[in-house]
Structures are given as structure tokens and as C-alpha cells.
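Good morning, and thank you for coming. Please look at the structure on the screen while I take you through a few of its details.

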Amino acid sequence: MPRVVVNCQNYMFSDMIRRTLRTGDFHVTVVDDPADVIGEFNNTAANIVLLEVTGSGPWTFSRRMELRKIIQRVDPDCKIVFMVDEKAEPEIADKIKQAKIDGLIDQFIYSSISAGYLKAVMETTV
């Protein structure tokens, strides 16, 4: 059973992701505080870390790339997935797409996708 750590700016959004993935074969842990992501990643031995990227606070692209670097040092096999609202943050969406092209992240998701598509993408990310 794949283990997923999810950290989004909005708890309601994180909980929706948790509920969606639990209908599949995933064990999902939601982390409210970005400062707790590494600890929970270590505690759960996560296979996938899904991180929302926004334009402010601890959810910025640069801060998420720092988290990615730490996670990859600990477990290079852990999959890193970035999620962005491509309509509200088109410049960030472009940066994330380039990070995927450059091989820095394993997958990216636009927050406008359906729950079914989210589940399918995560199933193929493991």
C-alpha cells in the first residue's frame, strides 16, 4: 500500500485529497504545517510526497524545492508531486512544468483536475 504525505495551504483541500486517495489503495497522512513535512515523511516512510505550491508563505516554489532536496537526499526513490492552481498562478505553473521537464520532480498536478484524475495520476506515480 503506497504511503502518501500531503501538505496543502488549505486543510479542506488536503482532506479532499486524503478522501479521494483513500478510495484507492493508499495510506494518506495530511500534514497541516509545512515545517512538519520532513518529520512525517520520515515517520511514515512515504513513497509519495504531494506538495501544493502557491505564491506566498512556506508554500512557495523555492521553499518546496528545498523540501524536495531534503526528501531526495533521505530517499531518492520517494516520488515528489507538486500541485498548483494553474489559473491563479500561471507563472508558478510554468516553473513546475519546467521542474518536471528537468527531472527535478516526478509529477505535477493542476488543482483544477477531477478527483478521478487525481487518483489515476497518483496510482501511476508509485
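I begin with a definition: a salt bridge is a side-chain nitrogen of Lys or Arg within 4 Å of a carboxyl oxygen of Asp or Glu. Side chains of opposite charge can pair when their charged atoms come close.

Before the details, a word on the source. This is a predicted model, in which local features need pLDDT of at least 70 and side-chain atom pairs count only at pLDDT 80 or more, while totals for chains, interfaces and linings use all residues. Residues are numbered from 1 along each chain as its sequence is written, and side-chain values use heavy atoms, with hydrogens and water left out.

How many salt bridges does the rule give? The count comes to two. In one of them, Arg18 pairs with Asp15, and the closest N and O atoms are 2.4 Å apart. In the other, Arg19 pairs with Asp15, here with the closest N and O atoms 2.8 Å apart.

Helices here are DSSP runs of H or I with at least four residues, strands are runs of E with at least two, and both are numbered from the N terminus.

Are these side chains buried or exposed? Buried means under 20% relative accessible area, exposed over 50%, and partly exposed in between, with a 1.4 Å probe and protein chains only. Asp15, at 13%, is buried, and Arg18, at 18%, counts as buried. Arg19, at 53%, counts as exposed.

I turn now to the packing of α1. Helix α1 (residues 11-22) packs against helix α5 (residues 115-123) at an angle of about 65°, with their axes 9 Å apart. Axes are lines fitted to C-alpha atoms, for helices over the stretch in contact, and angles run from 0 to 180 degrees between N-to-C directions. The two helices, α1 and α5, are therefore roughly perpendicular to each other, a term for angles of 65 to 115 degrees. The contact, meaning heavy atoms within 4.5 Å, is made by Ile17, Thr20 and Leu21 of α1 and by Ala115, Leu118, Lys119 and Met122 of α5.

Methods. Angles under 35 degrees count as roughly parallel, over 145 as roughly antiparallel, 65 to 115 as roughly perpendicular and the rest as oblique.
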